[in-house]
Amino acid sequence: MAGAGLQIVQTSSGHAVELGAGRELAVFRIVQESLTNALKHGRSGTSVTLHLDWSGPGLAVQIASSAAGRSEDSSVTSASGTGRGIPGMRERARLAGGWLTAGPDGKDFRITAFIPYGPGRRRQRR
């Protein structure tokens, strides 16, 4: 995605935990769709921040893309989640036992997801 014009800054806090294949795939696809949406609705040079917070009872994922990079054809309907991308991400999070919110946040468009670690998962440093 960086090669396509997104300026991505990734940070994390806490210690990574093994999520299991299903939950790991859900997180991967949520991040992938979020970056795809930022590229689709933004312009070249759109900045995106991605933060993974491993410090709680599950993984909290926050993705924010700058509204300054939004193109003129980005409509309210796209931001409100009437397409398939955001509802699909919500469903992935729900099936993994978590939740997802998406919408405007000041000058950014923010996606926040929470995926619980699951029963019997132990924290592991990576």
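**View 1. Surroundings of I63 in the predicted model.** In this predicted model, I63 touches V31, S34, V48, T49, L50, F109, R110 and I111, leaving out residues up to four places away in sequence. I63 is also listed among the residues with the most contacts inside the largest nonpolar core.

**View 2. The largest nonpolar core.** This core has 27 residues. Those with the most contacts inside it are V27, V31, W54, L59, V61, I63 and L100. At least two core residues are supplied by each of α1, β2 (47–53), β3 (58–66), α3 (85–95) and β5 (108–116). The largest share, 6 residues, comes from α1. In soluble globular proteins, nonpolar side chains tend to be buried together.

View 3. Helix α1 spans residues 21–41, 21 residues in total. From its first C-alpha to its last it reaches 30 Å, close to the 30 Å expected at 1.5 Å a residue. Which residues of α1 are buried? They are A26, V27, I30, V31, S34, L35, N37, A38 and H41. These residues lie on the same side of α1 because they cover an arc of only 160° around the axis. On the other side of α1, A21, G22 and K40 are exposed.

**View 4. The open sheet.** The sheet is made of 5 strands in the order β1-β2-β3-β5-β4, with mixed pairing, and it is open. β1 (7–13) and β4 (99–105) are the edge strands, each pairing on one side only. From one strand to the next, the twist averages 10°.

**View 5. Pairing of β4 with β5.** Strands β4 and β5 run antiparallel and are joined by 7 bridges. P104 stands opposite F109 in β5. F109 is also one of the residues touched by I63.

**View 6. Helices against the sheet.** α1 lies across β1, β2, β3, β4 and β5. Its direction runs at about 5° to β3. Helix α3 packs on the sheet as well, touching β4 and β5. The direction of α3 makes about 145° with that of β4.

**View 7. S66 in strand β3.** S66 is found in strand β3. Is S66 buried or exposed? S66 counts as buried because its relative accessibility is 13%, and buried means under 20%. Apart from neighbours within four places in sequence, S66 is in contact with T46, S47, K107 and D108.

Key. Residues numbered from 1 in each chain as written. Predicted model: local features only at pLDDT ≥ 70, side-chain atom pairs only at ≥ 80, totals over all residues. Heavy atoms only, no water. Helix = DSSP H or I, 4+ residues; strand = E, 2+ residues; numbered from the N terminus. Expected span 1.5 Å × (residues − 1). Buried < 20%, exposed > 50% of the residue type's maximum accessible area, 1.4 Å probe, protein only. Arc of directions from axis to C-beta. Core = buried A, V, L, I, M, F, W, Y, C linked by side-chain atoms within 4.5 Å. Contact = heavy atoms within 4.5 Å. Pairing = 2+ DSSP bridges. Axes fitted to C-alpha atoms, helices over the stretch in contact; angles between N-to-C directions.
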